[in-house]
Amino acid sequence: MSGRSKEELLAILSGHDVGVPSVKLSAEELKAKFSKIDHFSGVYQFVSNDFLSSVEYNGVFPLPSASHAILLAKYGITYIEVLMEHADAPVAAAKELEAAQELPEWKEKRRLLLERILRDKFRRNQEIRAQLCDTGDRQIEWANSQDSYLGTVRGHGQNHMGRILMQIRQDVKDGLEMEAWLYFNHHMEREASKRPRIILHEQKEGEASKEYDLLQIADKRAGEGGERERRAFFLLGKLKECDVQPLHPSVSRRHACIFVSAKGVQIFDMASSAGTFKNGERLKASFYPVPIMSGDEIRLGASTRKYIVEIDMSSVLTHLQNKKRTAMREQKDIQRAVNNPLEEISHKAKQQRTVFVGNLDYNCTQWELRDFFQDCGRIEEVRFPSSNPGSFGGTSTDNQAGKEREIKASRGIAFVTFADDLSATRALGSSGRTLGDRKVKVATAQSGANVGKEGDKLGAVHKRKFDMR
């Protein structure tokens, strides 16, 4: 026995020295204090960076552990041979590189680089990913003797490593871990407008070919699941959550994944038992993305079913053209403001008196719009953007309305300028009213300016609906 009294032991458990007035800790505080994971050994050895588990860093794969990857990030590819000589002993590798010079960017980027390394470690190893999840909501803290930035020293420090591990754990629980890995480690494209349309043409001898438009499938899945937006990657495998579901016995539940990154469209194997093949060659490693292009042939496992890749970049090109037009328009506005301040004031005043009108019938004329807004006030001008993006199909002033009734809403939208601000405000109240057989949208001209970004897409959808009637 220690010889301590019951009161002394309780004081120690409460975190106070004997003889010092005690402050009682709550049950939650006691739980956090005594259930904290701060020594990465024993059952928690898997959390340690020295734990031997393959990691990819900056295209180098496989590295034996997260520690090897950290040393590579810290000192550079020059020392790769030293790291491989100590493949089973990361501590020995670190000791040998103690005198080496750190890369200039290490200190500034170490938190981001560490997160990439740790996310890759847990993505590749399902067993330790499950073990991390099993730690529940316990605090994870890297207690060490030197680094108070990535860990803690004598209970003090920023503990970025512990925070990263807890964030990965939460992402696993929320089903977001792989998506985060794709964003952090492989720069998956975040903007939907920058992702091309990807079509897989399924071919099997003796069967009719099928077509899988991955964006359409993802849109449908998002709608059925009540999701706010579609998933940014596409799964191939047997599970219902997969976008393409081959039924061959050698195909795994989650077999492969296709996504779009800064490097283009890529595919990787998801640790399937029978492998993923590109143009007849098996992908060399799991969770190691490789580029695919139009015409490439994808095959899963031992199945003879082939998927011929088609990548349609037209929507991305349209997006880039719209961005260019927007930038040119903004540059023109700036130049006008510099060259002629009075003209800029007049332009802004005109914008205040202008409303955007959307969801118009393609046969709608300027005269019909004038009639629609007749109770709002005097109209100075009606403009119909042309079906040729960036230009206008027709403009009529107050004096020309009778002469140009044949001009129509070729893109289903218009801009109407009133004589005064009050008339324009009244016109906004017309949103939702019916013109012809359509409920039109009326908004400020500033809102309508965004049509330059989406107008072609909306116009194409509107055109299809119009042609089907």
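**Strands, a helix and a loop**

A: Strands β6 (residues 256–261) and β7 (residues 264–269) run antiparallel and are joined by six bridges. Keep in mind that this is a predicted model.

Q: Which residue is the bridge partner of Ser261 in β7?
A: Gly264 is the partner of Ser261.

Q: What order do the strands take in that open sheet?
A: The order is β5-β6-β7-β10, four strands with antiparallel pairing. β5 (233–236) and β10 (290–291) are at the edges. Each has a single partner strand, so one side of each has no neighbour in the sheet.

Q: Now the open sheet of six strands. What's the order there?
A: That one reads β4-β3-β12-β11-β8-β9, with antiparallel pairing. Its edge strands are β4 (210–213) and β9 (281–282), and each pairs on one side only.

Q: How many bridges join β3 to β12?
A: Seven, in the antiparallel sense, with β3 covering residues 197–203. β3 is also joined to β4, by four bridges, and those two run antiparallel.

Q: Which residues does Glu202 face, in β12 and in β4?
A: In β12, the bridge partner of Glu202 is Tyr307. In β4, Lys210 stands opposite Glu202.

Q: What about the hairpin of β3 and β4, which residue there takes a positive phi?
A: Gly206, with phi near 85°. The hairpin has six residues between the strands.

Q: And β9, how many bridges join β8 to it?
A: Two, with β8 (residues 276–278) and β9 running antiparallel. Phe277 stands opposite Arg282 in β9.

Q: Switching to helices. Is α3 mostly covered or mostly open?
A: Mostly covered: nine of the ten residues in α3 (residues 66–75) are buried. Among them are His68, Ile70, Leu71, Leu72 and Tyr75.

Q: Which residue caps the N-terminal end of α3?
A: Ser65 does, with a side-chain oxygen 3.3 Å from the backbone nitrogen of Ser67. Past the other end, just after α3, Gly76 takes a positive phi of about 100°.

Q: Next, Val251. Where is that?
A: Val251 lies in the loop between β5 and β6.

Q: Buried or exposed?
A: Val251 is buried, because its relative accessible area is 4% and the cut-off for buried is under 20%.

Q: What is Val251 in contact with, leaving aside neighbours within four places in sequence?
A: Gly237, Lys238, Pro246 and Leu300.

Q: How far apart are Val251 and Leu300, in sequence and in space?
A: They are 49 residues apart in sequence and 6.3 Å apart in space, C-alpha to C-alpha.

Q: Last topic, the surface. Which residues form a nonpolar patch there?
A: Met313, Leu317 and Leu320. Together they have about 270 Å² of accessible area.

Q: Where does Met313 lie?
A: In the loop between β12 (306–312) and α11 (314–339).

Methods: Residues numbered from 1 in each chain as written. Predicted model: local features only at pLDDT ≥ 70, side-chain atom pairs only at ≥ 80, totals over all residues. Heavy atoms only, no water. Patch = residues over 30% accessible without salt bridge, like charges linked within 9 Å, V, L, I, M, F, W, Y side chains within 5 Å. Areas by Shrake-Rupley, 256 points an atom, 1.4 Å probe, with all protein chains shown as cover. Salt bridge = Lys/Arg side-chain N within 4 Å of Asp/Glu carboxyl O. Buried < 20%, exposed > 50% of the residue type's maximum accessible area, 1.4 Å probe, protein only. Polar contact = N/O pair within 3.5 Å; in protein donor to acceptor, adjacent residues only side chain to side chain. Pairing = 2+ DSSP bridges. Contact = heavy atoms within 4.5 Å.
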